There are 2 protein chains.
Amino acid sequence: MKLSTRAQYGTRALLYLAVRQEKGPATLKDIARSQQIPLSYLEHLMTPLIAGGVVRSVRGPRGGVALARSSDKIKLDEVVQLLEGSSAPVECVDNPNVCDRSRSCVTRDVWSDLKRAVDTVLESTTLQDLVERQKRKQPSEQEMYYI
Amino acid sequence: MKLSTRAQYGTRALLYLAVRQEKGPATLKDIARSQQIPLSYLEHLMTPLIAGGVVRSVRGPRGGVALARSSDKIKLDEVVQLLEGSSAPVECVDNPNVCDRSRSCVTRDVWSDLKRAVDTVLESTTLQDLVERQKRKQPSEQEMYYI
DNA sequence: GAGTTTGTAGACCATTTTAGTCGACAATAG
DNA sequence: CTATTGTCGACTAAAATGGTCTACAAACTC
Ligand code: FES
Ligand code: FES
């Protein structure tokens, strides 16, 4: 039940954008430096986030990326879905046909419960929630370095 | 958030043992055939389960493996732990020192929530629960083939 | 419109993990 | 002793992961 670095890096990057939302777009370079993510890897994480409508980008000088919506409208389940795919721990939870006996398989029921539990957590957490938790933890922090 | 085949195969194998618990040990060969698991792979799954005290084994003719305890005393979290390691989605949840800022990291808090949610499901499900769910689903099934 | 600054797309690659095989061996029933 | 079972370790093929690099496209500045 591991999460790849994609979701970890991606969430950190989005949190960074959420914190400085009013300051306009941030460059990928800034995000990469501040969040300790390899720049050329971060590019690849942005692609699905942009395609998924979570982030918008502006090219050219003074460009960068920013959240496409306000942070309280972005739930983590969407972020994780875009970066890692479904949260189903085994494929047949989403797609019963891959196992021929899935109709009567009780282990599949457990894996479904697992997916439901994970989604419940991720659906109930928005980027704004993270920003607020962070304010509570380090109210006087000036810049947000590596989380 | 994927589960490897180890946990899937392992759980199926244990469920098989739970269903036929009173019949004494089953051979690995039987389990492998019935649950569609490569025999030589199944051997490797049994090792940690035996070491972890979930399964006991008997060598020699008429030998095999059986549950080491009654099925209602075996929770799935133990099984998954033995076969996959911790359910923590990122390492710093279990071991905060791997990230230097873990004290103030809010994304880590989310991953902790995730682990908690997963563990809650797995701790509240025993092999006996699975057996009962199965009886309810296919009360007249004679043998348990591939789940 | 030349030049610089940004993001975009794709091919490419090294390492690690996963899933599995194989062969030798150990225990034990008969 | 021998057949039958489990045990252990080395090995391997294939996939996933985590990343780099090059070429390019858009947009702003002068
Ligand atoms: S249906 Fe897919 S594991 Fe049983
Ligand atoms: S502390 Fe490990 S990801 Fe933030």
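Colleague: Leaving aside its neighbours within four places in sequence, with which residues is Ser87(A) in contact?
Modeller: In this predicted model, Ser87(A) sits in the loop between α4 and α5 (91–94) of chain A. Once the neighbours within four places in sequence are set aside, the residues in contact with Ser87(A) are Lys115(A), Val118(A), Asp119(A) and Met1(B).

Colleague: Is Ser87(A) buried or exposed?
Modeller: A residue counts as buried under 20% relative accessible area. The relative accessible area of Ser87(A) is 9%, so this residue is buried.

Colleague: With which side chain does the side chain of Ser87(A) make a polar contact?
Modeller: Asp119(A) is among the residues in contact with Ser87(A). At 2.7 Å, the polar contact joins the side chain of Ser87(A) to that of Asp119(A).

Colleague: Why can the buried residues of helix α4(A) be said to line one face?
Modeller: The buried residues of this helix, which spans residues 76–84, are Leu76(A), Val79(A), Val80(A) and Leu83(A). An α-helix has 3.6 residues a turn, so residues three or four places apart point the same way. Seen down the axis of α4(A), the buried residues therefore line one face, falling within an arc of 90°.

Colleague: Which element of chain B is included in what covers the buried residues of α4(A)?
Modeller: Chain A contributes α1, α3, α6 (106–123) and α7 (127–137) to this cover. From chain B, the cover includes α6 (106–123).

Colleague: Which residue takes a positive phi just after α4(A)?
Modeller: Helix α4 of chain A covers residues 76–84. Just after this helix, a positive phi of about 80° is found at Gly85(A).

Colleague: By what turn can chain A be laid on chain B?
Modeller: The superposition has an RMSD of 0.0 Å and a shift of 0.0 Å along the axis, with a turn of 180°. The two copies are thus related as by a two-fold rotation axis. The turn is 180°.

Colleague: Which residue of chain A comes closest to the rotation axis?
Modeller: The copies meet through the same surface, because 100% of the interface residues of chain A are also interface residues in chain B. Taken by C-alpha, the residue of chain A that comes closest to the axis, at 2.3 Å, is Met1(A).

Colleague: Which element gives the most to the surface near DNA strand D?
Modeller: In all, 24 residues surround DNA strand D, the closest being Thr5(A), His44(A), Leu28(B), Ser57(B) and Arg59(B). Sugar and phosphate make up 64% of the atoms of DNA strand D that come within 4 Å of the protein. At least two residues of this surface come from each of α1 (5–19) and α3 (39–51) of chain A, and α3 (39–51) and β1 (55–58) of chain B. With four residues, the element that gives the most is α3(B).

Colleague: How many residues of the surface near DNA strand D are charged?
Modeller: This surface includes nine nonpolar and 11 polar residues. The number of charged residues is four.

Colleague: How far is a phosphate oxygen of DNA strand D from an N or O atom in the side chain of Ser57(B)?
Modeller: Base nitrogens of DNA strand D lie 3.0 Å from a polar side-chain atom of Arg59(A) and 3.2 Å from one of Glu43(B). For the phosphate oxygen and the side chain of Ser57(B), the distance is 2.8 Å.

Colleague: What pattern does chain A follow along the sequence?
Modeller: Chain A has 147 residues, of which 49% count as buried. Its secondary structure consists of seven helices and two strands. Read along the sequence, the pattern is α-α-α-β-β-α-α-α-α.

Note on methods: Residues are numbered from 1 along each chain as its sequence is written. Chains are lettered from A and ligands numbered from 1 in the order in which they are written. This is a predicted model: local features need pLDDT of at least 70, side-chain atom pairs count only at pLDDT 80 or more; totals for chains, interfaces and linings use all residues. Side-chain values use heavy atoms; hydrogens and water are left out. A residue is near a molecule or strand if one of its heavy atoms lies within 4 Å of it. A polar contact is a pair of N or O atoms within 3.5 Å; within protein, one must be able to donate a hydrogen and the other to accept it, and residues adjacent in sequence count only if both atoms are side-chain atoms. Ala, Val, Leu, Ile, Met, Phe, Trp, Tyr, Cys and Pro count as nonpolar, Asp, Glu, Lys and Arg as charged, and the others, Gly among them, as polar. Buried means under 20% relative accessible area, exposed over 50%, partly exposed in between (1.4 Å probe, protein chains only). The arc is that of the directions from the helix axis to the C-beta atoms. Contact means heavy atoms within 4.5 Å. Copies are superposed by least squares on the C-alpha atoms of residues with pLDDT of at least 70 in both.
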